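Please have the model open beside you as you read.

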Amino acid sequence: MPGILITDDTAFMRMTLKNILTKNGFDIAGEAADGNEAIEMYKSTRPDLVTMDITMPNLDGITAIKEIMKVDPSARIIVCSAMGQKALVIDALNAGARDFVVKPFQPDRIVDAVKKALTA
Amino acid sequence: MNCYLSESGVDLLREIGNIGIGNAVSSLSQLLNDQRINIRMPEVTVVSLGELPDQMESPEKVVAGIYVEVGGSIDLHMIFLLPLESARSITASVSGGLVRELDEMGLSAVMEVGNIVTAGYINAFAGLTGFKLIPKPPAVAVDLTEAILGSILAEVQAAEDFVILIKTGFETGESDIEGFLCMIPARDSFEIVYKKLLEGASDESGAG
Amino acid sequence: MSLVRVRIADYGVLRETGLLVTIGLGSCVGIALYDAVAKVGGLSHILLAESADFTNRDSPAKFADTAIPLLVGEMEKVGAKCGRMKAKIAGGSQLFNYNNGAESIGSRNIHAVKKALASAGIPLVASDLGGRLGRTMQFNVADGRVLITKVGQAPVEL
Ligand SMILES: [Mg+2]
C-alpha cells in the first residue's frame, strides 16, 4: 500500500492535504517540500499518485512532473496549485499531469480528482 | 530621471489593480468560508522610497508581511500586509481552528494564504494581458511595517528613487479582517504592459 | 525638544539637543555619528551597500559608501569635526525566511557600513546588528545615547 505522495512547499498545505486524504481513506506514501524531494521520493516509494504544487523553491512542480514522467511514464500526477493561468495549466498537462486543481479548493474537488486519476 | 505617469497610465494601472484585487479577494473569501469582503478602491501613486512606508497606515505598527517576486513575461513585486490580529484570524479560519498562533505552522498558513491571494491577483493580470506570470515562493515576516517594506525595497534592489505603487485594500464585514495588497511593477515592466494593452495586441482573450 | 524622523534612504543632523529617530530598520542599517565636543549628531538610514553596483546614484543617502561622506559633510557644516566623530550602528537583520544560501542583504549592508566608516577614519564604538528582527533607533543628540527597540524585546542602550 504505497499510497499518495504529497508535494507542497508549505507545511500548512501538506497538513491540510494529508488531513483531507486520510479522512477519505487514502494512505500517505510521503511528503515532499520541493520538486527535488518529490523526484527522490517518487523513486524510493513508487506511490500510486502524486499531488504536485507548482510554486516551490529549488525545483518547481512542472519541471518535477517532467522528471518523474521520465522515471515512470505511467506516473499518476495531479497538480494542486494557485497558479490557475491558462498557459501554466497547459504546460502542466503537457508535462504529464492528469488533472489540475486550483487553490483555493473544496476538499471534495481534491478527493474527486484523486479518485478519478487512480481509476483511469 | 523619469517618474512621470500619464493620466491614461494611472487609469490602466488602476484597472489592473481592480481586476487583481477582485480576483484575489474572491480567493480569500473562499478560504474564509465565503465571508463577504469589501474592497477599497485601488490607489496608484508614484512615491519615493522613503515615503513608501507612510502609504500603509502607521509604519511603526507590527504586521505580517508576505513578499512575492514575480517573473515571466514581466517582472513585478507583490506585497501583502496583514495586521497581526487579521493574520491570526485568517490562520484560525483556514486551519478550521487547529492553528491559532503565529508559530511555525501559523506562519506557514499565512505564507500559503499569501501564495493563494497574490496568485489570484496575478492570475487575473495574466488573463487580462495574455502574459505568463510566474511567482517565486513567498517569503514571510512579522515585524514593523517600515522594517518589512525597507527589506523588500532592498530585495527589489530599488535602483530607482521612485516606485510605482498600486495599492489595494480589503476588509471583512463581520470578523474585522483587513489588509493591503500592493503591486510594484519593475521599471521596464510598466512600459511593456502599457504597450500591450493600449495597442490592443492581446491574442489571448478577455479577463479570466 | 525637536524630533526628526529619518526615513529610508535619508539622513538628519541636529545640534545641542533633540532626537533623531529612524523606525523599522530591517536589512537597512542606521548609522549614528556623534561629535561630543560640538554636540552635533547625525543619523543616516541606508538601504543598499555599494553605489558602484548601480547606474542611478542620484540619492547618495541610499548607499553605505556614499551616505557616510555625505553625513560627515553635513555635520561639519554645523561645527562638527570628522576627527572627533564616533559611530554607533544598528540593523542589517534578515526578516524574511529565505534560504537561498547567498549572503543576505543585511549582512552585505553591515560590511559596507564598516568599510565606509573605516575609510572615513571614524571609530565604531557600539553596535547591535544582524538577527531576524527589525529595529527602531532613537539617537539623543544632547548626550550621544542611542536607544534600540525590537518587537517584543526590552530596549537596549548603545
Ligand atoms: Mg507553493
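Predicted model: local features only at pLDDT ≥ 70, side-chain atom pairs only at ≥ 80, totals over all residues.

Residues are numbered from 1 along each chain as its sequence is written, chains are lettered from A and ligands numbered from 1 in the order written, and side-chain values use heavy atoms, with hydrogens and water left out.

The protein donors (N, O and S atoms within 2.8 Å of the metal, or 3.2 Å for Na, K and Ca; water is not among the atoms, so sites may look incomplete) are A:Asp9 (OD), A:Asp53 (OD) and A:Thr55 (O), at 2.1 to 2.4 Å from the ion. A:Asp9 sits in the loop between β1 (4-7) and α1 of chain A and A:Asp53 in the loop between β3 (49-52) and α3 (61-71) of chain A, so the pair ties together parts 44 residues apart in sequence. Helices (H or I, at least four residues) and strands (E, at least two) are DSSP runs numbered from the N terminus.

**Second largest pocket.** A:Thr16, A:Ile20, A:Phe105, A:Pro107 and B:Val94 lie nearest the centre of this pocket, among 23 lining residues. A pocket is an open set of points on a 1 Å grid over the protein atoms alone, where a 1.4 Å probe fits, with protein on both sides within 12 Å along at least five of seven lines; lining residues have an atom within 4 Å of a point. The largest share of the lining, 7 residues, comes from α1(A).
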